[in-house]
Amino acid sequence: MRFDVIIIGGGLSGLTAGIALAEAGKDVALVSAGQSTLHFGSGSLDLLGCDDKGNDIYKPIDAIATLGEKHPYNKLEDVSGLAGVAKQLLERAGIATTGDANVNHWRITPIGGLMPTWLSMEGMAIVQDPDQMPWKRVALVNIANYLDFPTKFLAAGLRERGVQVDVKAVTVPQLAQLRKSPTEMRSTNIAKVIESNDIINDIADKINSITGEGYDMVLLPAVLGVASSENSKKLLSLIKMPASYVATLPPSVTGVRLQTQLRKRFNSLGGSFFPGDQVIEGVFENNVLKGVKTAKLDGTTLEADNFILATGSFMSRGLKADYDHIYEPALGVDVDDMGLDRKTWAKIDVNEAQPYMEMGVKTDEKLRCLRNGTAINNLYAVGSILSGHNSIKLLDAAGVDMLTALQVANNIIK
Amino acid sequence: MATETQTQNVSVNNFEQCLKCSICTVYCPVSAVTPEYPGPKQAGPDAERYRMKNKAFFDDALKMCLNCKRCEVACPNDVHIGDIIQAARIKYNTHRPKLRDMMLANTDFVGTMASPFAAIANPILKLKPMKAVLHGVMAIDKHRTFPDYSSRKFESWFKKNAAALQDKFNKHVSYFHGCYVNYNYPQLGVDFVNVMNAVGYGVHLLEKEKCCGVALIANGMPKQAKRQGEVNMTSMRKAIAQGHQVLTTSSTCTFTMRDEYDHLLGIDNHDVRDSISLATRFLYQLIEKGEIKLAFREDFKKRVAYHSACHMERMGWVPYSTRLLRMIPGIDFVMLESQCCGISGTYGFKKENYERSQAIGKGLFDQIKEVNPDCVATDCETCKWQIEMSTGTPVMNPISIIAEALDVEKTRELNKQ
Ligand code: SF4
Ligand code: SF4
């Protein structure tokens with residue numbers, strides 16, 4: 001089966017590359033082994049949130065210029081230009097965001113912290129300056145018995161910053177039903193129940209009746225709008241006071257929406273999405289990748305002019321570790337161990353920055369993968385499989401995903 | 001030693017690989033509409049730990065699982081969640097199946113009974129009083145229209161009209177037609193024979209064909225399913241020994257015989273599995289190798305929306321059917337968002353499941369209405385009933401679309417050796 005480009009990995013980086021290439025008229029196939037880490041998303045996308053000492057960054061574009069030379073951002077031709085392109089790509093997929101690459105804003109975490117970020121999906125609660133909270137009195141309204149929205153932590157976090165918080169809960173009979181299977185009262189199921197029963201008005205009425213007057217913000221768990229933002233916007237518009245959403249613990253409705261809308265956009269551009277399959281082997285000839293074989297399409301080789309490896313890091317099984325080495329399982333390309341000795345891969349204190357997080361596949365200046373020390377002419381890597389940064393520490397995951405994907409799309413189109 | 005421990009430490013159905021991410025829950029069509037259902041993660045890997053300790057932890061709610069495997073497609077860690085759930089039902093369920101379930105499950109027996117009386121059975125099954133009886137006594141939902149039984153079985157048509165012509169071809173395949181083609185929709189089998197003959201392949205039936213057993217598994221009759229499966233395997237071995245591939249036109253039969261036989265029923269199919277293929281995949285692969293060519297009619301025009309049936313998606317074979325369809329010049333092809341239609345074989349026929357079944361499929365039906373195609377294409381027969389009943393849009397198997405679009409004369413010419 002032949003395509004112009006084959007992308008391995010269906011998360012944020014793979015879909016971004018797929019959309020950019022399909023928009024440029026390429027025939028693209030995307031092979032995805034299970035759903036992506038977008039399902040743990042926060043409703044915001046980070047570009048660069050912290051420096052290596054853990055201090056918040058206010059101006060990401062300026063700070064990117066000072067990053068170490070191994071950071072993947074060094075392989076981008078125009079970071080701020082690509083950041084703009086990324087925001088527009090999201091918009092064309094129906095995902096409106098606020099924020100820009102020159103100045104970070106702050107999002108509220110499900111456990112009440114503030115984190116610097118680049119783009120936030122519409123409707124999410126954001127704070128422009130962490131030292132100046134924009135609200136005096138907040139109503140924190142949960143769905144009764146929904147456990148993935150830890151209101152105690154949230155309220156404590158906000159109170160620490162001088163905000164007066166009243167915690168409340170609402171319910172309607174259709175939602176109370178969900179508790180019949182306690183494990184199933186999850187954000188996405190709540191969203192599906194609300195949307196399929198058309199009870200947004202009832203919920204808005206309940207919220208309005210218990211909050212009354214005198215709040216300058218009503219904060220709600222982000223449990224609406226799996227397929228599009230239409231319903232999440234509708235609920236906010238029905239609440240009499242200013243209202244916005246805070247991310248919940250996973251699964252994340254906003255993350256699922258992001259994934260769904262990007263995939264729909266990719267499909268509508270004629271892209272072919274192969275879910276639930278896995279690339280298990282590459283067919284190399286000299287320094288060219290001729291094709292890949294998958295677990296399910298046995299007897300068929302997927303061929304293309306160019307390939308993009310976007311399988312993610314350890315969590316997404318893009319990288320694997322055994323007792324003595326770290327490897328890339330799909331195509332066996334070279335992994336950069338950052339010169340770390342086996343004993344120094346991990347730190348015992350889990351809260352410390354873990355050195356293994358900086359490992360990833362080796363690429364040349366054009367983001368092409370290396371195999372046995374030589375660059376493969378038509379195989380690129382994008383996203384969190386790249387070596388040279390710790391996305392948990394630097395808060396740069398979405399930026400690396402989207403910007404390296406767009407850069408590689410440009411490299412291929414040229 | 002350490003490496004061995006690490007690499008060989010894999011449990012049945014990968015259940016220890018679950019990292020509790022809950023992604024499967026997001027994609028379970030039942031969990032979303034049925035608060036009583038514990039959901040894939042809980043019903044699968046989580047509860048399996050308890051069940052292994054004590055079978056008293058088996059929960060009857062597991063029968064609500066459609067066995068659609070959408071959870072498995074979504075799982076980032078390759079946990080065979082659906083298999084864990086079905087295996088638990090087989091192992092721990094002590095209830096005897098109801099008469100209704102036995103009837104629905106025995107698709108070939110009921111088909112044999114109904115076919116000769118099709119002219120009587122079809123209108124009767126559609127009559128309001130009959131539906132009321134089915135609904136009340138048998139608990140088969142009154143909203144359901146039974147798929148028509150054909151007055152002539154595919155097998156009879158084949159023997160009378162096609163069998164004698166097949167030996168003149170140089171290349172041959174065997175055809176597992178399945179109950180649906182045999183009793184309800186022989187035209188699909190006829191289309192299949194026409195397409196295969198046009199590209200130079202003779203078609204043969206298996207020495208003995210039994211229902212693949214998918215409905216028996218779903219309705220709690222694994223022993224009977226296993227017996228039938230063994231018969232199929234024996235017949236297929238004979239066909240394979242003659243150099244035949246065994247082709248089907250149903251994604252669910254294919255999936256059941258390739259994967260569920262081994263995973264759920266303990267039937268040893270390792271020597272047969274690779275020779276069982278879907279007709280669209282077989283054709284696509286031959287075209288790709290340059291071994292056959294298709295020529296299409298110039299006047300063929302159709303707007304076709306493709307629906308990825310659950311088991312087709314689980315097999316990962318959707319690209320074969322869609323790439324094949326897109327070879328037809330006159331096709332205006334739309335890919336539907338992959339979603340369960342809600343019928344899941346006999347599941348949606350049961351009174352207690354009807355509403356749930358329709359709620360599950362609603363998203364798909366809305367999409368189809370919006371796309372407004374001339375027909376929906378899908379590789380599964382039960383999706384066909386469900387979609388036709390719920391949207392009024394005709395549904396065709398890709399093979400029937402190929403047969404309709406094919407310029408038979410030209411194709412024959414192209415494939416003459
Ligand atoms: S998706 Fe897979 S890993 Fe995640 S909870 Fe479900 S079974 Fe476990
Ligand atoms: S097989 Fe389908 S119905 Fe059963 S748990 Fe998985 S997703 Fe849900």
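Tutor: Let us begin with α11(B), where K159(B) and K160(B) are exposed, that is, over 50% relative accessible area, with buried meaning under 20% and partly exposed in between (1.4 Å probe, protein chains only). Helices (H or I, at least four residues) and strands (E, at least two) are DSSP runs, numbered from the N terminus. The model is predicted: local features need pLDDT of at least 70, side-chain atom pairs count only at pLDDT 80 or more, and totals for chains, interfaces and linings use all residues. Residues are numbered from 1 along each chain as its sequence is written, chains are lettered from A and ligands numbered from 1 in the order in which they are written, and side-chain values use heavy atoms, without hydrogens and water.

Student: Which residues of helix α11 of chain B are buried?

Tutor: An α-helix has 3.6 residues a turn, so residues three or four places apart point the same way. In α11 (residues 154-162) of chain B, the buried residues are F154(B), W157(B), F158(B) and A162(B). Seen down the helix axis, the buried residues of α11(B) fall within an arc of 100 degrees, so they line one face; the arc is that of the directions from the axis to the C-beta atoms.

Student: What covers the buried residues of α11(B)?

Tutor: Their cover includes β1 (171-176), α12, α13 (186-198) and β2 (201-205) of chain B.

Student: How many helices and strands are there in chain B?

Tutor: Chain B has 23 helices and 8 strands. Of its 417 residues, 62% count as buried.

Student: How should I read a cavity?

Tutor: On a 1 Å grid over the protein atoms alone, a cavity is a set of points where a 1.4 Å probe fits but cannot get out; lining residues have an atom within 4 Å of a point. Grid points are joined across faces, edges and corners, and a volume is the space filled by probe spheres set on the points. The structure holds 7 cavities of 30 Å³ or more, and about 130 Å³ of space lies in the largest cavity. Of the 18 residues that line the largest cavity, Y180(B), L188(B), E381(B), K384(B) and N397(B) are the closest to its centre. The largest share of that lining, 3 residues, comes from α12(B).

Student: Which residues come nearest to ligand 1?

Tutor: A residue is near a molecule if one of its heavy atoms lies within 4 Å of it. Of the 13 residues around ligand 1, the nearest are C18(B), C21(B), S22(B), C24(B) and C75(B).

Note on methods:
1 Å grid on protein atoms, 1.4 Å probe; cavity = no way out; pocket = protein on both sides within 12 Å on 5 of 7 lines; lining within 4 Å. Contact = heavy atoms within 4.5 Å.
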